[in-house]
Amino acid sequence: DVFAPRLSWIFNTQMDFFEEIAKYRALRRLWAHVMRDRFGARDPRSMMLRTHTQTAGSALTLQQPENNIVRAAVQALAAVLGGVQSMALSCFDEAIAIPTQHAQTLAVRTQQMLQNEFGITDVADPMGGSWHVEQLTDRLEREARELIGQIDDMGGAVTAIETGFYQRVIADEAYERERRVASGEDVVVGVNAFVDDTAVLPERFD
């Protein structure tokens with residue numbers, strides 16, 4: 001309780017809209033339980049998940065890069081509905097080069113619109129009670145607890161790193177994602193579907 005209220009996290013928001021909302025809901029619930037039940041916290045501030053998120057740079061595409069504006073906006077909407085306290089949007093031209101000022105400004109404006117124009121922040125946990133989101137939240141929390149238990153059985157996080165467990169899990173998931181995209185199982189607009197062969201990539205977006 002002396003230091004836990006000052007802890008904060010950084011997460012990454014991916015493409016599955018409802019799963020991302022559920023992820024942040026599950027994280028808040030899991031954090032509260034871990035702090036209270038595992039570490040004996042009593043201060044309510046210790047059980048509050050403080051989190052920043054970045055929209056997924058890995059979801060950006062070199063092809064039809066303006067599509068990335070929509071990707072980042074929808075990811076950001078999911079993060080807001082999931083209850084994050086702060087965020088940053090990946091710029092739409094990051095797949096090409098270092099972001100331009102124009103792209104960075106657009107990313108900031110997207111956040112400002114989500115905060116001020118649509119009434120999204122007027123309600124806490126607006127997706128609470130949705131059957132789909134609630135069952136996703138329960139599933140993600142359950143799977144996270146199982147993974148934590150698996151890591152505990154190994155001897156903890158340090159052992160999991162030293163044995164390459166984390167690295168294998170991340171590499172396997174990255175490979176599986178690329179396989180699904182290459183096979184067309186996962187649709188990526190402008191990459192493996194709805195491709196515009198006549199499109200020419202602009203050099204800059206100034």
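Which residues make the nonpolar surface patch of about 320 Å²? Here V2, F3 and L7 make up that patch. To count for a patch, residues need over 30% relative accessible area and no salt bridge, with nonpolar side chains (Val, Leu, Ile, Met, Phe, Trp, Tyr) joined within 5 Å and like charges within 9 Å. V2 sits in the segment before β1 (9-13) and is exposed at 74% relative accessible area (exposed means over 50%, buried under 20%, partly exposed in between; 1.4 Å probe, protein chains only).

A word on the model: it's predicted, so local features need pLDDT of at least 70 and side-chain atom pairs pLDDT 80 or more, while totals for chains, interfaces and linings use all residues. Residues are numbered from 1 along each chain as its sequence is written, and side-chain values use heavy atoms, leaving out hydrogens and water.

Now the charges. The structure holds 17 salt bridges (a side-chain nitrogen of Lys or Arg within 4 Å of a carboxyl oxygen of Asp or Glu), including these:

| Pair | N to O distance |
|---|---|
| R29 and D138 | 2.6 Å |
| R45 and D43 | 2.8 Å |
| E173 and R180 | 3.9 Å |

R29 in helix α1 (residues 17-38) and D138 in helix α4 (residues 131-154) are 109 residues apart, so that pair links distant parts of the chain. R45 is partly exposed at 46%, whereas D43 is buried at 17%. As for E173 and R180, salt bridges with shared partners join them with E176, R177, R179, E185 and D186 in one network.

Finally, the backbone: F194, in the segment after α6 (165-183), has a positive phi near 55°.

Key:
Areas by Shrake-Rupley, 256 points an atom, 1.4 Å probe, with all protein chains shown as cover. Helix = DSSP H or I, 4+ residues; strand = E, 2+ residues; numbered from the N terminus.
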